[in-house]
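Hi,

Here is the structure I promised to pass on. My notes follow below it.

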Amino acid sequence: MARCRCNGRAVCLCLLPFLMISHLLVYVMVTVFVAMSYTPEPQPLPLHFIAPGASLNSGALASHPVNAFWNLRLVEGALWNRLQHLKDRENNPILRGNTTGGRGPGTESTYMNGNDGSLPCGPDHHWASQLPDFNTMPKQMKDFVLSMHCRNYTLLMNQPDMCNGQDTEIEAPMLFMAIKSQMGNFENRQAIRETWGRTGWVQEEARGERWQVRTVFLLGRQDITTGPHPDLDALLQLESILHKDILQWDFRDTFFNLTLKDVLFWDWLAVHCPQAHFVFKGDDDVFVRTGALLDYLNEHHSPLKGTNKKVKDDFLVGDVITNAWPSRQPTAKYYIPESFYRGVYPAYAGGGGVVYSATLAMRLRVVSHWVSLFPIDDVYMGMCLQRLGVSPIHHPGILTFDLPEAKREKPCAYHKVLLVHKRSPKEMLALWRDLKAPPAEC
């Protein structure tokens, strides 16, 4: 029987066929495993589970899927899934040999990770050409696709000194409230300033401790494409000078651009108020029992004075929504075409109001550069949380779908509530007055 007689360098030539065969076997096994694991996409859930989804009614933590929600089997399908797959490969620490999990913000390519500020953020038809149904999409979806490569915009109104002189543990804002608003919502902003969004020392309801609270309003510029609007720029300038709480960026203030307010605010917070402990992000038509929220944060997540207990680093509390599928109704506010995104949404907290640690805000800022922009802001935050491996916590007192109608006029119904949505400026003022009165027997 013939034998392979190998010495020295010839050993490599003898072993080469065996190495090639072993690699081929590994490839075949992986391919078979992926094929066996395939399961058809489930049928759409009942209507009440379609975005914005169904709120949890019990339990603390939302379920956390083992696999990434942007399934690799969808690479050949929807645009967002394909872009996200490329982002995951680009930032994969194993493929890149980078232990930090990616190259970090500002170094990615323009098309894949957004404009780095060196190029103008104008409409780009690069991705639109890859959507066969682009011409039949609603206008807000078209506009998003044309600008989805942009995530850096000029800051038109800034408040750089909001947290100056608050560098100590006691003086640093316990709660930083970032409220999404629009230029014409003057009444909403003023009602918030006079009630639950007051800046300064705010007292807890239960223990009576006082904590620093800071509030800013996040705005874009008025969307002139929706019709003629009165010029409110001068009034907004006066408001900003008077109250010093307006942050405005140079992008159109539309529903599908709300995601930009999150990512741009995280950048702003990292520069101008990194010492804050907690962040509240909400809409300007919600009502918050700020004292009760401070009670909750101090009891469950805050360091206790005089102890070594530290703030929990990674948590987000809200009205958690699970098992939500994209709406496929073209006339719906939350409509997402199947050609753009396929699959179920990750667990997320309703965008009416959420609370999270400032430490998590800094991590969200980084990971947002590794997750493609998505047109629904609260779903996008859920995508970023899933990418970080953080599960949102459900709180039964955060009612983004409001109280039962029969209880809305009864002050006693609010005693275990942290947030309700939605309330007009007049309703905010009336509810604030009623809850400040001596408590009645409930």
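Cys273 is buried at 1% relative accessibility, where buried means under 20% relative accessible area with a 1.4 Å probe and protein chains only. Cys163 is buried too, also at 1%. These two cysteines form a disulfide with their sulfur atoms 2.0 Å apart (the cut-off is within 2.5 Å), and the structure holds one disulfide. The link is left-handed, with -80 degrees about the S-S bond. It ties together distant parts of the chain, 110 residues apart: Cys163 sits in the loop between β2 (155-157) and β3 (175-180), Cys273 in the loop between α8 and β7 (278-283). Helices here are DSSP runs of H or I with at least four residues, and strands are runs of E with at least two, numbered from the N terminus.

Bear in mind that this is a predicted model: local features need pLDDT of at least 70, side-chain atom pairs count only at pLDDT 80 or more, and totals for chains, interfaces and linings use all residues. Residues are numbered from 1 along each chain as its sequence is written, and side-chain values use heavy atoms, with hydrogens and water left out.

There is also an open sheet of three strands, in the order β8-β15-β14 with mixed pairing. β8 (286-288) and β14 (398-399) are at the edges with a single partner strand each, so one side of each has no neighbour in the sheet. β14 pairs with β15 (residues 419-421) in the parallel sense over two bridges; pairing takes at least two DSSP bridges between the strands. Ile398 has Leu419 in β15 as its bridge partner.

Cheers

Note on methods: Buried < 20%, exposed > 50% of the residue type's maximum accessible area, 1.4 Å probe, protein only.
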